[in-house]
Structure formats: structure tokens, C-alpha cells
Amino acid sequence: MNKLRLLTPGPTSVPAEALLEMARPVEHHRTPEFRAMFKQVTEDLQYVFQTANTVLTVTGSGTSAMESAIVGTCPPGSKALVVRGGKFGERWAEICAAFDIDHVACDVEWGHGAKPEMIEDCLSKDPSITTVIVTHSETSTAAVSDLEGIARVVRQRGDDILLIVDGITSVGAIPVRTDQWGVDVVVTGSQKALMLPPGLACLAVGDRAWKRVDSFSSRSFYLCPKAYRKSMADFDTPYTPNNVMIRGLAVTLKMIRDEGIENVWARTALLARATRAAAEAIGIKVYAADPSDSVSALCMPEGIDESKLRKTVRQRYGVHLAGGQGKLKGNVIRISHMGYVDALDTIGAISAIEMVLSEMGHDLKLGSGAAAAMTVIARRS
Ligand SMILES: Cc1ncc(COP(=O)(O)O)c(C=O)c1O
């Protein structure tokens with residue numbers, strides 16, 4: 001028997017408290033009780049997003065919030081700048097293309113994060129850009145962009161340029177200060193740091209973005225932000241929500257509040273540092289030059305079959321890791337530090353990786369990775 005340790009960067013492990021809440025009988029959602037709960041959930045989401053602005057909850061995966069952000073804030077004929085440094089940056093460009101939104105790419109080398117100077121340069125070259133889209137933590141490469149610096153550059157150009165951020169693997173995992181940094185739209189999905197199954201997506205929408213939303217008619221019915229804002233006035237939803245998951249969300253958000261968002265960020269960062277130290281100790285490279293703290297991508301040593309490694313780790317030790325995506329397929333394994341994951345999950349996963357790597361012929365001293373991780377965790381260094 002093996003205990004499952006789901007350490008993929010989405011879906012992530014769901015705490016028993018949330019699972020039990022979601023196992024209770026389904027209730028109707030057009031009730032005062034639902035609205036009271038949804039009000040609390042929305043306030044807690046504002047805390048997690050660090051915003052006083054509206055946070056909308058949509059029934060759909062993270063991509064539904066991405067699409068809502070685009071159809072809601074980018075009128076036909078407007079031009080967007082899309083940072084592309086991995087699979088999810090590419091997805092934003094694809095969504096723009098699907099809605100005929102003119103867009104230029106700011107291509108970032110895979111494994112690197114976008115820097116403020118790159119955005120400044122692109123905006124200076126093309127003054128017709130009115131929306132900047134950045135993937136904060138690019139899950140496919142495990143690289144992080146300097147969001148605070150990018151927001152500063154965008155805000156210096158005034159209120160007419162919007163900054164849309166994919167926070168799907170950053171919100172609730174690494175520092176995101178939506179209001180303080182001046183970000184206009186931030187999106188996330190339930191199956192990451194919010195510790196739930198896939199199925200809900202959230203968007204924080206600020207005043208500058210609402211002004212844009214109100215300036216034209218969106219081309220989506222289900223994902224038009226206006227409909228969600230209207231219902232939100234009564235803490236209601238325009239269409240039937242996944243109310244069972246919203247109940248689960250009430251539980252996981254309370255867990256985040258009880259821990260404190262800054263402590264959650266610190267725990268996530270500690271586990272990421274421990275993992276990077278372990279990788280170095282066992283002689284495997286961290287892929288990203290600008291590593292995100294919510295997920296790590298570790299390069300496969302010469303001669304090690306990535307899919308065999310993950311399969312054996314899963315079968316023998318119950319640790320479920322992710323492989324690479326796009327051009328990284330077969331070259332990296334990815335391990336999550338977001339959400340319901342703690343020190344022993346991380347040390348356990350590293351130990352499992354070490355044992356299987358050793359068996360597959362990689363030259364390492366068994367326990368050296370776990371020891372390096374333990375040292376970081378024990379010293380909180
Ligand atoms: C950074 C990022 N953006 C977008 C997505 C897409 O979200 P979903 O698969 O929930 O639609 C993901 C999911 O892995 C992600 O990690």
C-alpha cells in the first residue's frame with residue numbers, strides 16, 4: 001500500500017477538511033445561506049489576492065478566467081502585448097488570436113522570467129499597445145517574472161494601459177500584491193494554491209479594468225465579467241455555480257486566513273529552496289534561471305528516462321510528479337510547492353526521487369538530497 005502524495009503543479013492535494021465539506025449533501029444555491037457563504041468567500045479571496053476590488057468566481061477551469069479577462073477587457077481592434085516564455089504565455093496569445101485581438105509577443109527565453117526593461121522596451125516601440133499580459137509564474141518552465149517591477153513600468157505609463165496577470169500558480173503561493181503593485185486583472189484557478197479540485201476560476205478586477213469593461217460589448221455571454229459583477233452585488237452568481245466547490249473554497253480560504261498569507265508565502269518559498277538545495281546535492285540542475293517558488297522543474301540527468309523515473313516513483317512510493325510540457329517533455333520533472341504540501345511531503349518526494357534515480361544508475365549518495373532539504377528546512381534558511 002502506498003499513500004498518494006500528489007505533488008503535481010495542479011491539480012494539487014486537497015485537505016480532508018475540504019473533501020469532507022464537499023461530501024455533504026448538495027444544497028440549492030439561490031438561498032440566503034449560500035449568499036452569506038459566498039460573501040465570506042469573496043472577502044477571503046480579496047485577502048488572498050491582496051485587493052479591495054471585486055473578485056469574481058466563475059465555474060470553469062483557469063482558462064475560463066483567462067478568456068473572461070480577454071473578452072471582457074480587450075475590445076476588437078485593440079492591441080495587447082503578450083509575454084511568451086512557456087506554454088501558458090502561448091495560451092494567452094492563442095486566446096487573443098481566437099478573439100481577433102491584435103497582439104505582439106514579448107518572447108522570453110524558456111526558463112527566464114520577464115523583466116521590467118523588456119516590457120518598457122516593447123511599450124516604447126509600440127505606443128498603440130493598450131494591454132499587457134504577463135504569466136507571473138510560468139508553470140511549464142517553473143520560471144517567475146518580476147511582476148512588481150513590470151507593474152511599476154506599466155503604471156508609469158498612466159491609466160490607459162491595463163496589466164492582466166496570469167496568477168494561476170502564483171496567487172496564494174508567492175507574493176502577489178494586486179492593489180499595492182497596481183495590477184488591473186489577476187486570474188487564478190481552484191486546483192493550485194487554493195487546494196481544491198479543478199472547476200472554479202477567480203478574477204480580481206480593478207477600477208481601471210472595469211472602466212474598460214464598461215466601454216464596449218463583450219463577445220462572450222457566459223464569460224462576460226459584467227454579468228458576474230451584477231450578480232455579485234447580491235453575492236449571487238449569474239448562472240448555476242459549482243456550489244459544492246464554493247463550499248470547499250470557504251474551508252480552504254479559512255485555512256489560508258488562519259495560517260496568514262505571508263506565512264503561506266514563506267512556507268512555499270522554504271519548500272522551493274529546500275528542493276533546489278536537494279537538486280544541487282544530488283547533481284541535477286534546476287531548469288529555470290529565474291526559478292518560481294511555487295513549482296520547481298528539475299532537469300533529467302544524462303541517460304535517465306524521465307517517464308520511467310516518474311512512473312517508478314509513483315508506483316513504488318506513491319509520489320505523483322509532473323513531467324515537462326511542450327518542448328520540455330521528457331527533459332524535466334516538475335514538483336509543486338503550492339497549497340496543501342508540507343516539509344515532510346517535500347522531503348519524502350526528494351527521497352523517492354533519490355532512491356529511484358540511484359536504482360536507474362545515476363551516481364549519487366543516497367540521502368544527500370534529503371539531507372540538503374532537511375538542512376534548509378530545519379534552519380529555515
Ligand atoms: C500558469 C497557468 N496558466 C494557465 C493554466 C490553465 O489553467 P486550467 O488548466 O485550469 O485551465 C495553468 C494550468 O496548469 C497554469 O499553470
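This is a predicted model: local features need pLDDT of at least 70, side-chain atom pairs count only at pLDDT 80 or more; totals for chains, interfaces and linings use all residues.
**Entry 1: a pair of helices.** I looked up how helix α5, residues 116-125, lies against helix α6, residues 147-156. The two pack at an angle of about 25 degrees, and their axes are 8 Å apart. By the cut-off above, α5 and α6 are therefore roughly parallel to each other. I noted that their crossing is right-handed. I then asked which residues make the contact. From α5 these are Pro116, Ile119 and Glu120, and from α6 they are Gly149, Ile150, Arg152, Val153 and Val154.

**Entry 2: the ligand.** I next looked up the residues around the ligand. I found Gly10, Ser61, Gly62, Thr63, Phe88, Thr135, Thr139, Asp166, Ile168, Thr169, Gly189 and Pro198 there. I recorded this shell as eight polar residues, three nonpolar and one charged.

**Entry 3: a sheet.** I turned to an open sheet of three strands, whose order is β11-β14-β13 and whose pairing is antiparallel. The edge strands are β11, at 295-299, and β13, at 322-323, each of which pairs on one side only. Strands of a sheet pair through backbone hydrogen bonds. I asked over how many bridges β11 and β14 pair. There are five bridges between β11 and β14, the latter being residues 332-336. Within this sheet I also noted leucine 298, which stands opposite isoleucine 333 in β14.

Methods:
Residues are numbered from 1 along each chain as its sequence is written. Axes are lines fitted to C-alpha atoms, for helices over the stretch in contact, and angles run from 0 to 180 degrees between N-to-C directions. Helices (H or I, at least four residues) and strands (E, at least two) are DSSP runs, numbered from the N terminus. Angles under 35 degrees count as roughly parallel, over 145 as roughly antiparallel, 65 to 115 as roughly perpendicular and the rest as oblique. A crossing is left-handed if the near helix is turned anticlockwise from the far one by less than a right angle, and right-handed if clockwise. Two residues are in contact if their C-beta atoms, placed from the backbone, lie within 7 Å. A residue is near a molecule or strand if its C-beta atom, placed from the backbone, lies within 6 Å of it. Ala, Val, Leu, Ile, Met, Phe, Trp, Tyr, Cys and Pro count as nonpolar, Asp, Glu, Lys and Arg as charged, and the others, Gly among them, as polar. Two strands pair if DSSP finds at least two bridges between them.
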